[in-house]
Amino acid sequence: MTIRVEAVSKRFGHFLALDQVSLDVSSGSLVALLGPSGSGKSTLLRVIAGLETPDAGRVWLTGEEATQKRVQERRIGFVFQHYALFKHMRVGENIAFGLEVRRVPRAVVKERVEALLELIQLQGFKDHYPAQLSGGQRQRVALARALAVEPPVLLLDEPFGALDAHVRKELRSWLRRLHDEAHMTTVFVTHDQEEAMEVADEIVVMRQGRIEQTGSPKEVYDHPVSPFVMSFLGPVNVLQKPDSQASLNRIFLRPHDLLVTDNPQPNAMEARVRHISFLGSEVHVEIILGDGQVVEAHLPTAQAQGLAEGQRVYVQYRSAKTFPMYYEI
C-alpha cells in the first residue's frame, strides 16, 4: 500500500503541529519519521492512521483518498510506545483480539495466533498475562496483535522508546527482519538517529511541523541540507573561519572527520589536548585550537595511543560542510 500526504496542516490551539506537510511513502518501504519532541512526527503518524483529522490537506492510501475515513476503514496496524495491551487478557487473547472482533473463524484465529507466537519467539507464553512479561516481550506482543489482522500498513509510534538500550537494539534488528519477511509498508516514529539509520530504508527529518529533508540514511547523513539535519544525525563541531563575521563562513565538521597527530603536518592546525575520554573501541579527544576554539575528535583507540592531556597536537580534517543560509541549530 502506498501512502501520500498532501499539504497537511494540523493545529492544537495556538500550536501549529504540522505546517503544509507533503510526503510520499512507496509500497513495501520502511520509513522513519525522525525529529525532536514537538517536531510533528507523531501527529503526522496519527493523521495517516486516522486518529487525528487534519485542518487542511489530504491523505491518500493506494491512490484512494482516505482523509475522512474512519480508523477501522483504513486497515492500518498501529503500535504505541507503551504497548497498550489488555492487562486482563493472556498473550494469546491479546493477539487474537482484532481477529475475533472481525468474527474470523475460531480455527483460523488459533492458527494465526500460533504462527505469530512463533514469529515473535514467544511460543511458550500464550497463557501468560502482560504483567508476567518483560518490556521487550510486551512490545513484541503488541506488534503481533497489530500484525494479526494482516494490515497492509504498519505504523509504530516510538515503539522502543520505553525500553533499555540493550533490548531496544535487539528489537530494532528484529523489526528489520520482520519487515523484510512481511514486505508491508511500515512507518515508525523515533527521536533516536541511530535507530532510524539502522532500521529504515528512508528517513524523513522533521522540524517545527515541517519536513526538513527526506532521503536514504546515507543521503541525509552525508549530504545534509541544513545545520539542523547535520547536527540531529550525529555530533558536529561548528567552527568560525578566521577574520569572518558572517554566519555563512561557519564550518561544520563531524568528529570522526578530524585527523589528530603529534607530528607537524602540512596545512595542519596546531592545537592542544584538553581532555580524553576512553569509550572502548573509540576515544573522544577534546582539543583546543590555536585561536581558542574547541573541537572534539572521535578516534579509533589504536590511533589515540600516546595522546595525553595537555599535549601539543596537529589537527586536519578530511571533509567539512558549509551551508548557503545558516540559521540557529
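Let's start with one residue. His 284 sits in strand β15, which covers residues 282-289. One caution: this is a predicted model.

Is His 284 buried or exposed? Its relative accessible area is 16%. The cut-off for buried is under 20%, so His 284 counts as buried.

What does its side chain reach? There are two polar contacts to show you. One goes to the side chain of Glu 282, at 2.9 Å. Another joins the side chains of His 284 and His 298, at 3.4 Å.

Now the wider surroundings. Leave out residues up to four places away in sequence. His 284 then touches His 275, Ile 276, Ser 277, Leu 279, Glu 296, Ala 297 and His 298.

Strands of a sheet pair through backbone hydrogen bonds, either parallel or antiparallel. Which is it here, parallel or antiparallel? The pairing is antiparallel, in an open sheet of 5 strands. The order reads β13-β17-β14-β15-β16. At the edges are β13, residues 258-261, and β16, residues 294-300, and each pairs on one side only. From one strand to the next, the twist averages 45°.

Take a look at the β13 end. Strand β17, residues 312-317, pairs with β13 in the antiparallel sense, over 4 bridges.

Now to the helices. Two packed helices are described by the angle between their axes and the distance between the axes. Our pair is α3, residues 91-101, and α5, residues 135-148. Their axes come within 7 Å and cross at roughly 25°. Angles under 35 degrees count as roughly parallel, so α3 is roughly parallel to α5. The crossing of α3 past α5 is right-handed.

Which residues meet between α3 and α5? From α3, they are Val 91, Asn 94, Ile 95 and Leu 99. From α5, they are Val 141, Ala 144, Arg 145 and Ala 148.

Last, the whole protein. It has 9 helices and 17 strands. The C-alpha trace spans about 75 × 45 × 30 Å along its principal axes. Then the contacts between residues at least 6 apart in sequence: 64% of them join residues at least 24 apart.

Notes. Residues numbered from 1 in each chain as written. Predicted model: local features only at pLDDT ≥ 70, side-chain atom pairs only at ≥ 80, totals over all residues. Heavy atoms only, no water. Helix = DSSP H or I, 4+ residues; strand = E, 2+ residues; numbered from the N terminus. Buried < 20%, exposed > 50% of the residue type's maximum accessible area, 1.4 Å probe, protein only. Polar contact = N/O pair within 3.5 Å; in protein donor to acceptor, adjacent residues only side chain to side chain. Contact = heavy atoms within 4.5 Å. Pairing = 2+ DSSP bridges. Axes fitted to C-alpha atoms, helices over the stretch in contact; angles between N-to-C directions. Parallel < 35°, antiparallel > 145°, perpendicular 65-115°, else oblique. Left-handed = near helix turned anticlockwise from the far one by under 90°.
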